[in-house]
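Subject: Structure handover

Hello,

Here is the structure I promised you. Please open it and keep it beside this email while you read.

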Amino acid sequence: MFCRSGCGACCIAPSISSPIPGMPHGKPAGVICVQLLPDLTCAIFGDPERPKVCKDFTPERYVCGNSKEEAITILNDLENYTRLPKTV
């Protein structure tokens with residue numbers, strides 16, 4: 001599967017704990033990455049400063065679904081499923 005034009009869900013929905021240029025502490029889930037351009041492409045795609053987690057991400061139907069909305073839902077569900085429980 002190729003990355004869907006006009007999506008950007010992987011740059012919005014998941015949290016990223018690695019530093020990103022412009023976001024030294026990473027990115028919380030649901031926050032748009034500062035490197036996501038208006039055309040929903042990555043400004044640092046191919047740049048050595050791009051986080052490894054982003055470089056390693058491969059669009060797959062089980063994550064990306066059939067639309068941007070479906071991808072956001074799937075990625076939100078994965079984020080919620082893998083979130084560590086809050087300690088009291």
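Start with Gln35. This residue sits in the segment before α1, the helix that covers residues 52–56. The model is predicted, so keep that in mind throughout. Is Gln35 buried or exposed? Gln35 is buried, because its relative accessible area is 13% and the cut-off for buried is under 20%. Which residues does Gln35 contact, once neighbours within four places in sequence are set aside? They are Ile20, Pro21, Gly22, Thr41, Cys42, Ala43 and Ile44.

Cys42 comes next. Cys42 also belongs to the segment before α1. Its relative accessibility is 24%, so Cys42 counts as partly exposed. Beyond the residues up to four places away in sequence, Cys42 touches Gln35, Leu37 and Arg50. Now look from Cys42 to Ala71. The two are 29 residues apart in sequence, and their C-alpha atoms are 17 Å apart in space.

Leu40 is in the segment before α1 as well. Check its backbone. The phi angle of Leu40 is near 65 degrees, which is a positive value in a residue other than glycine. Leu40 counts as partly exposed, because its relative accessibility is 26%.

Now the cores. The largest nonpolar core has eight residues: Cys11, Ile12, Ile16, Ile20, Met23, Cys33, Leu36 and Ile44. Pick out Cys33 in that group. Leaving out residues up to four places away in sequence, Cys33 touches Cys11, Ile20, Met23 and Lys27. There is also a second, separate core of six residues, including Cys7, Ala9, Ala71 and Leu75.

Move on to helix α3, which spans residues 68–82 and contains Glu79. Glu79 counts as buried, because its relative accessibility is 14%. Its contacts, apart from neighbours within four places in sequence, are Pro14, Ser15 and Ala29.

Then the salt bridge. How many does the structure hold? It holds one. Lys52 pairs with Asp56, and their closest N and O atoms are 2.5 Å apart. Both residues are in helix α1, four residues apart, so about one helical turn separates them. Lys52 counts as exposed, because its relative accessibility is 59%. Asp56 is at 46%, so Asp56 counts as partly exposed.

Last, the largest pocket. Its volume is about 910 Å³. How many residues line this pocket? The lining has 41 residues, and those nearest the pocket centre are Cys10, Cys11, Arg50, Cys54 and Phe57. Cys11 is also one of the residues in the largest nonpolar core. Helices α1, α2 (61–64) and α3 each give the lining at least two residues. Which of them supplies the largest share? That is α3, with five residues. Sorted by class, the lining has 26 nonpolar, 10 polar and five charged residues.

From Cys42, go on to Arg50, which is among the residues nearest the centre of the largest pocket.

Best wishes

How values were computed. Residues numbered from 1 in each chain as written. Predicted model: local features only at pLDDT ≥ 70, side-chain atom pairs only at ≥ 80, totals over all residues. Heavy atoms only, no water. Core = buried A, V, L, I, M, F, W, Y, C linked by side-chain atoms within 4.5 Å. Buried < 20%, exposed > 50% of the residue type's maximum accessible area, 1.4 Å probe, protein only. Contact = heavy atoms within 4.5 Å. 1 Å grid on protein atoms, 1.4 Å probe; cavity = no way out; pocket = protein on both sides within 12 Å on 5 of 7 lines; lining within 4 Å. Points joined across faces, edges and corners; volume = space filled by probe spheres on them. Nonpolar A, V, L, I, M, F, W, Y, C, P; charged D, E, K, R; others polar. Salt bridge = Lys/Arg side-chain N within 4 Å of Asp/Glu carboxyl O.
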